[in-house]
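Colleague: Could you walk me through this one slowly? I am new to reading structures.

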Amino acid sequence: MMPPRFVFACIIVLFLTGAEAFSFATSLKDRAKAILIEQVESGASNDVIFKAVREVEKFSILGGANLQNPLLPGNWLMVWTTSNSIAGKTRPKVFQTNTPPEQLIDMENGRAVNAETVLGIRNAVRADISPLTKNKVRVQFREFSVGPISFKPEGDKFRGELSVSYLDEDMRISRGDKGNAFVLLRESTQRTAADRIWKGWKESW
């Protein structure tokens, strides 16, 4: 069941003109995104941040969260995730990255690259991606590398799925098949903000 506040907002939109409705919905969406970023940067609990994530995801009803969206390809910076291992929380602090982990999405060539830099060394995971649904891809991990050393696993043991649950010009929210959630910002326009947000969140670990 949708929260009363969201239902009330939808009712208001019905009585507005097209331009007014779009402007009203955009202001609500921007506010929800701002709250999410504030919660992450301040180091709020995962439960609080997850609630803010779901508030933003509701605006996918306006469209955008699909693999055909031209906004999807590019390099993204992860500023929050529910996965302690992907964030690096489980490692000694000296081996934690000081900048947001990156994720390159290349839908045209069916590939993705997750990367981070630790102690000046770039660690990366290369994967093949293929569409499963309108907003979900199958992920087959093909190569793991630590600096110049790389390893290619045999068979299809390392695989997963990743869906897009929200997408716009500067933010993407994705969900993994293991139940994890990820908030990412576009590197080309949000690098400074992403570095600040990551630093703020990391200080709460």
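**Salt bridges, a helix and a patch**

Modeller: Let us begin with one residue in this model, which is predicted: Asp-106 has a relative accessibility of 14% and therefore counts as buried, since buried means under 20% relative accessible area.

Colleague: Which residue does Asp-106 form a salt bridge with?

Modeller: Asp-106 forms a salt bridge with Arg-111, and their closest N and O atoms are 3.1 Å apart. Arg-111, with a relative accessibility of 31%, counts as partly exposed.

Colleague: OK, and which residues do salt bridges with shared partners join into one network?

Modeller: That network is made of Glu-102, Glu-187, Arg-191 and Asp-195, which are joined by salt bridges that share partners. The count of salt bridges in the model comes to 16.

Colleague: What does Arg-91 pair with?

Modeller: Arg-91 forms a salt bridge with Glu-116, where the closest N and O atoms lie 2.9 Å apart. Arg-91 sits in the loop between helix H4 (84-87) and strand S2 (102-106), while Glu-116 belongs to strand S3, so this pair ties together parts that are 25 residues apart in sequence.

Colleague: Switching topic: how many residues does helix H3 have, and how far apart are its end C-alpha atoms?

Modeller: Helix H3 covers residues 46-57, which is 12 residues, and at 1.5 Å a residue it should span 16 Å; the end C-alpha atoms are 16 Å apart, so the two values agree.

Colleague: Which residues of H3 are buried?

Modeller: The buried residues of H3 are Ile-49, Phe-50, Ala-52, Val-53, Val-56 and Glu-57. Around the axis they cover an arc of only 160 degrees, which means that they lie on the same side of H3. On the other side of the helix, Asp-47 and Lys-51 are exposed.

Colleague: What about Glu-55, which residue does its side chain meet?

Modeller: The side chain of Glu-55 meets that of Lys-58 in a salt bridge, at 2.8 Å from N to O. Glu-55 is partly exposed, with a relative accessible area of 23%, and Lys-58 is partly exposed as well, with 21%.

Colleague: Last one: which residues form a nonpolar patch on the surface?

Modeller: Val-94, Phe-95 and Leu-119 form that patch, and together they have about 300 Å² of accessible area. Leu-119 is found in the loop between strand S3 (111-118) and strand S4 (121-131), and with a relative accessible area of 57% Leu-119 is exposed.

Definitions and conventions. Residues numbered from 1 in each chain as written. Predicted model: local features only at pLDDT ≥ 70, side-chain atom pairs only at ≥ 80, totals over all residues. Heavy atoms only, no water. Patch = residues over 30% accessible without salt bridge, like charges linked within 9 Å, V, L, I, M, F, W, Y side chains within 5 Å. Areas by Shrake-Rupley, 256 points an atom, 1.4 Å probe, with all protein chains shown as cover. Salt bridge = Lys/Arg side-chain N within 4 Å of Asp/Glu carboxyl O. Helix = DSSP H or I, 4+ residues; strand = E, 2+ residues; numbered from the N terminus. Buried < 20%, exposed > 50% of the residue type's maximum accessible area, 1.4 Å probe, protein only. Expected span 1.5 Å × (residues − 1). Arc of directions from axis to C-beta.
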